[in-house]
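Here is a short briefing for someone meeting this structure for the first time. Please look over the sequence and the model before reading on.

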Amino acid sequence: MNFCDLTGKNILVTGASSGLGRATSVLVSKLNGRVCLIGRNEAALDETLSMMEGAGHIIISIDLCDYSRYDWLFGAVTAEFGMLHGLVHFAGVRKTLPVKVLKTESLKQMLEINLNAFLELVRYFTRKHVPDPEGAAIVAVSSVSALRGAPAMTGYACTKAALDGAVRSLACEMAPRKIRVNSIAPGHVETEMNVAVKNTLSVEAYNQIIQTHPLGTGQPTDVANLVAFLLSDEARWITGTTIFIDGGFMARS
Amino acid sequence: MEARFINMLCEVLERDLPIDFDDSLDELQEWDSLAALSLISMVDEEYGINIGSKDFENINTVGDIYKCIQTKLDHRQ
């Protein structure tokens, strides 16, 4: 068996239509895992699927803020896949809002998808007969923003810090059932969304971002590698922690 | 649209004095990087368009910001 082999593992990936979710779905498929791609944009999910290897992957197009559909979602996935082995929640919203313009409606929108959807997914994922009793892994996607302050990131940082807090308690609660729960905290990764942001920035402004990362900015595949490891049996002794993947961003004072 | 924009800017700057399109941003006491960020966020929320730092290279007055928003809105149509 190869290192991080995911043969026989059924993994749910939200936010699979682009960026980190897409890169992770592709990598999981290359490691022989089967993926349920979840997102809102069916055409983009189809594109992700076209980049994947192996067979048996499924696409479910759903608005993750409509929690009333989760019962149907998990019914459909388990009917197709049987027991599940992994859940990765990439879907999220990042709004850059100075506190002066951080209205409760914007905060609510971020909380709904970044935090509440994750907890609701976990609630369904951990129901009896859903996860494999031999072991399963949950990965939440936090951010360096949870621990490092920056102007206009208050709302987003709150949602990510809350995720990290949730992961610690969930890990303790789920350990007896062999379900590991971790979060990853990426720095600046060159996703499609961030490349679009880069195009609106001056060279000077973008260089400032790069300079905060000693190893430079990351690629989606860098993050996918870590997630695949956390989903694999090789990470069997890792739970309740947040792993930074940030090119050294957090190492700077 | 003009009135809406001026109201938005007044809210961002918490300015009691009137604001004119000819006002230079450098001369507005309340204008700083956080005010710029607040305005960018508000414009994104209100109009769904992105003003980046590249745009600000050509912005000197209040009217320039308005023109920038207007141009982006026109291109979207």
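Which residues of the largest nonpolar core touch the most other members? In this predicted model, they are A:L64 and A:F74, within a core of 35 residues.

**Nonpolar cores**

- When neighbours within four places in sequence are left aside, A:F74 is in contact with A:L12, A:L84, A:L121, A:Y124, A:F125 and A:V130.
- Another core, made up of 33 residues, lies apart from the largest one, and its members include A:V101 as well as B:F5, B:L25 and B:I49.

**A glycine in a loop of chain A**

- A:G33 is placed in the loop that runs between α1 (19-30) and β2 (34-39) of chain A.
- A:G33 counts as buried because its relative accessibility is 4%, and the cut-off for buried is under 20%.
- Not counting residues up to four places away in sequence, A:G33 touches A:L6, A:K9, A:V28 and A:H57.
- Although A:G33 and A:H85 are 52 residues apart along the chain, their C-alpha atoms are separated by 9.6 Å.

**The contact between chain B and chain A**

- The contact draws on 13 residues from chain B and 15 residues from chain A.
- Between them the two chains bury about 1,100 Å², of which 55% is on carbon and sulfur atoms.
- Of the area that chain B buries against chain A, 35% is supplied by B:E45, B:S53 and B:K54, which is more than any other three residues supply.
- The rule finds 3 salt bridges across the interface, and B:E45 forms a salt bridge with A:K95, in which the closest N and O atoms are 3.0 Å apart.
- There are also 5 residue pairs in polar contact between chain B and chain A, counted where both residues are at pLDDT 80 or more.
- On the side of chain B that touches chain A, at least two residues come from each of α1 (2-13), α2 (33-47) and α3 (53-56) of chain B, and α2(B) gives the most, with 6 residues.
- By residue type, that side of chain B divides into 4 nonpolar, 4 polar and 5 charged residues.

Methods: Residues are numbered from 1 along each chain as its sequence is written. Chains are lettered from A and ligands numbered from 1 in the order in which they are written. This is a predicted model: local features need pLDDT of at least 70, side-chain atom pairs count only at pLDDT 80 or more; totals for chains, interfaces and linings use all residues. Side-chain values use heavy atoms; hydrogens and water are left out. Contact means heavy atoms within 4.5 Å. Buried area is the accessible area (1.4 Å probe) that two parts lose on being put together, summed over both. A salt bridge is a side-chain nitrogen of Lys or Arg within 4 Å of a carboxyl oxygen of Asp or Glu. A polar contact is a pair of N or O atoms within 3.5 Å; within protein, one must be able to donate a hydrogen and the other to accept it, and residues adjacent in sequence count only if both atoms are side-chain atoms. Helices (H or I, at least four residues) and strands (E, at least two) are DSSP runs, numbered from the N terminus. Ala, Val, Leu, Ile, Met, Phe, Trp, Tyr, Cys and Pro count as nonpolar, Asp, Glu, Lys and Arg as charged, and the others, Gly among them, as polar. Buried means under 20% relative accessible area, exposed over 50%, partly exposed in between (1.4 Å probe, protein chains only). A nonpolar core is a set of buried Ala, Val, Leu, Ile, Met, Phe, Trp, Tyr and Cys residues joined through side-chain atoms within 4.5 Å.
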